[in-house]
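This report goes through the fold, the core and the aromatic contacts of one protein. The sequence and structure come next.

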Amino acid sequence: MRLSKDYRAKLRSWQRLPYPGPYDAVDEGGARRRRMRSRDEAKRMEKRAVGIAHEFLSLTVEKMVEVETFSQFRKWFGIELNVRDLFLDHPGIFYLSAKGARHTVFLREAYDRGRLIEPNPIYEARMKLLDLALLRRRGIDSSDAAQRMVSRDEDNDDDNNDDDDADDELVQ
């Protein structure tokens, strides 16, 4: 990724800021204190908000959530920033999709070429269910689709068993 010198300098100074953990308590000063916040303090609050968003997304099954859903937690998380702008300001960490009327934020490090790197078993079950629903929708008989899904799982199991057999041969 080619970065301009200005952006690199901004990124370097942001990375040098101390990391406030997402589980640390928030200093809740009065409204007067919020107006008089220094630039450094605003940057620290931004870094904390990024840490909270990263942690929240890493705890979800699909490593993504709608921006509107995330913004519902702003007060509870103690985030005073516009979350949409927060996601746009950190493209190396988050990917913001604006498909249709919904904005969805993805944790960039969890995906490779549109697929989860470490899929959760719940995610895999959802994808199988979606495959079955799409096959049924296209007019393919559901029993044929179910047989294909079962045979695909058996092929995967056979591949895993072949690896085990090869390991057994090496041990002997």
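At 43% relative accessibility, Y95 falls between the 20% and 50% cut-offs, so this tyrosine counts as partly exposed. The model is a predicted one, and the values here are computed from it.

**Aromatic pairs**

Across the whole structure, a search finds ten aromatic pairs. One of them joins Y95 to F106: the ring centres are 6.0 Å apart and the planes meet at 45 degrees, so the pair is tilted. Y95 belongs to strand β2 and F106 to strand β3, so this pair ties together parts that are eleven residues apart in sequence. F106 also pairs with Y111, with centres 5.5 Å apart and planes at 85 degrees, so that pair is edge-to-face. F106 and Y111 are both buried, whereas Y95 is partly exposed.

A pair of aromatic rings is described by the distance of the centres and the angle of the planes. The table sets out the two pairs in those terms.

| Ring pair | Centre distance | Plane angle | Class |
|---|---|---|---|
| Y95 and F106 | 6.0 Å | 45 degrees | tilted |
| F106 and Y111 | 5.5 Å | 85 degrees | edge-to-face |

Elsewhere, ring pairs link F56, F70, F73, W76, F77, F87 and F94 into a cluster. A contact of another kind involves W14: the charged end of K47 sits over the W14 ring, 4.9 Å from its centre.

**Nonpolar core**

The largest nonpolar core has 25 residues, and the members that touch the most others are F70, I79, F87, F94 and V105. Two or more residues each come from α3 (39-59), α4 (67-71), α6 (83-89), β2 (94-97) and β3 (104-107). Helix α3 gives the largest share, six residues.

What is F70 in contact with, leaving aside its neighbours within four places in sequence? The list is A53, F56, V65, F77, I79, V83 and F87. F56, F77 and F87 also belong, with F70, to the ring cluster.

**Overall fold**

The protein contains eight helices and five strands. Along the sequence they follow the pattern α-α-α-β-α-α-α-β-β-β-β-α-α. Of the contacts with a separation of 6 or more, 58% are between residues 24 or more positions apart.

Of the 172 residues, 25% count as buried. The protein exposes about 13200 Å², and carbon and sulfur atoms supply 49% of that area.

Key: Residues are numbered from 1 along each chain as its sequence is written. This is a predicted model: local features need pLDDT of at least 70, side-chain atom pairs count only at pLDDT 80 or more; totals for chains, interfaces and linings use all residues. Side-chain values use heavy atoms; hydrogens and water are left out. A nonpolar core is a set of buried Ala, Val, Leu, Ile, Met, Phe, Trp, Tyr and Cys residues joined through side-chain atoms within 4.5 Å. Buried means under 20% relative accessible area, exposed over 50%, partly exposed in between (1.4 Å probe, protein chains only). Helices (H or I, at least four residues) and strands (E, at least two) are DSSP runs, numbered from the N terminus. Contact means heavy atoms within 4.5 Å. Accessible areas come from the Shrake-Rupley method with a 1.4 Å probe; for residues, only the protein chains shown count as cover. Rings of Phe, Tyr and Trp (its six-membered ring) pair if their centres lie within 6.5 Å; planes under 30 degrees apart count as stacked, over 60 as edge-to-face and the rest as tilted. A charge sits over a ring if NZ of Lys or CZ of Arg is within 6 Å of the ring centre and within 35 degrees of the ring normal.
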